[in-house]
Amino acid sequence: MSKTAIELVDVNKWFDTFHVLKNINLTVDAGEKVVICGPSGSGKSTVVRCINRLEEHQKGTIRLEGRELTNDPKSVSSIQGEIGMVFQQFNLFPHLSVLENLILGPMKARGQSRADAVEKARHYLTRVRIPDQADKMPGQLSGGQQQRVAIARSLCMEPKVMLFDEPTSALDPEMISEVLDVMVELAQDGMTMVVVTHEMGFARKVADKIVFMDEGEIVEHAAPDMFFSQPKSERCRTFLGQILQH
């Protein structure tokens with residue numbers, strides 16, 4: 001039986017009076033790849049930000065490997081250490097080299113020696129296909145290379161789960177595939193992944209389950225074959241009709 005990595009039960013969130021997440025129920029098994037899609041403003045990014053405790057939900061329960069996320073700072077820091085997050089923007093420290101960006105977290109949060117952190121950083125830079133960029137500054141890299149550094153930085157913390165919030169939306173079209181290729185390899189290696197994206201080719205190739213959100217609700221979820229060939233709701237059919245034309 002598969003182990004549950006992430007579980008959301010009746011999760012609700014408000015920004016002031018705006019009800020941004022409405023009774024979200026979602027289970028992600030260990031090793032599973034879940035793609036969340038939907039129109040802008042549907043709550044997709046808020047879901048992953050709640051899982052990582054960058055946002056607090058007001059009602060319902062979120063568990064990581066059976067442990068409930070609470071507002072206790074110790075709980076937050078221990079859980080955040082086990083969840084990698086890759087954003088639209090790369091969020092690299094511009095004044096630090098690529099290598100220094102990667103070793104900072106493992107040394108500060110994990111207490112690793114510099115030698116061990118450097119060895120691991122070089123391993124993951126090779127993993128994302130840019131081993132020769134270690135000594136450069138982020139500003140010297142292309143957007144696609146910077147996003148791959150951001151992925152490597154998360155991997156250096158050896159997370160149990162990787163969350164991606166539209167990781168290719170800030171990239172030029174020719175750089176999108178180099179980031180998606182790295183994400184496909186991660187998926188093939190068995191990493192548990194929750195990916196917010198409009199890249200339907202990636203979803204079709206990698207996802208075990210696709211979740212469609214609209215207006216703060218999960219409207220439907222299905223395996224990719226069923227999702228693309230037989231969407232149940234009118235909202236999902238409309239969305240797919242618009243996005244697959246591009």
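A search of the whole structure finds 2 aromatic pairs (ring centres of Phe, Tyr or Trp, the last by its six-membered ring, within 6.5 Å; planes under 30 degrees apart are stacked, over 60 edge-to-face, the rest tilted). The model is predicted, so local features need pLDDT of at least 70 and side-chain atom pairs pLDDT 80 or more, while totals for chains, interfaces and linings use all residues. Residues are numbered from 1 along each chain as its sequence is written, and side-chain values use heavy atoms, without hydrogens and water.

**Exercise 1.** Classify the pair formed by Phe212 and Phe239, and state where each residue lies in the chain.

*Solution.* 
1. The ring centres are 5.2 Å apart and the planes stand at 45°, so the pair is tilted.
2. Phe212 belongs to strand S9 (residues 209-214) and Phe239 to helix H9 (residues 234-243); the pair links distant parts of the chain, 27 residues apart. Helices (H or I, at least four residues) and strands (E, at least two) are DSSP runs, numbered from the N terminus.
3. Phe212 has 0% relative accessibility and is therefore buried (under 20% relative accessible area; exposed is over 50%, partly exposed in between, with a 1.4 Å probe and protein chains only). Phe239, at 7%, also counts as buried.

**Exercise 2.** Classify the pair of Phe227 and Phe228, and determine which residue lies over the face of Phe228.

*Solution.* 
1. The centres are 5.4 Å apart with 85° between the planes, and the pair is edge-to-face.
2. Phe227 is buried at 0%, and Phe228 counts as buried at 12%.
3. Arg204 lies over the face of Phe228, 4.1 Å from the ring centre (the criterion is NZ of Lys or CZ of Arg within 6 Å of the centre and within 35 degrees of the ring normal).

**Exercise 3.** Describe how the buried residues of H2 are arranged around its axis.

*Solution.* 
1. The buried residues are Ser75, Val76 and Ile79.
2. They cover an arc of only 100°, which puts them on the same side of H2; the arc is taken from the directions from the helix axis to the C-beta atoms.
3. On the other side of H2, Pro73 and Lys74 are exposed.
4. An α-helix has 3.6 residues a turn, so residues three or four places apart point the same way.
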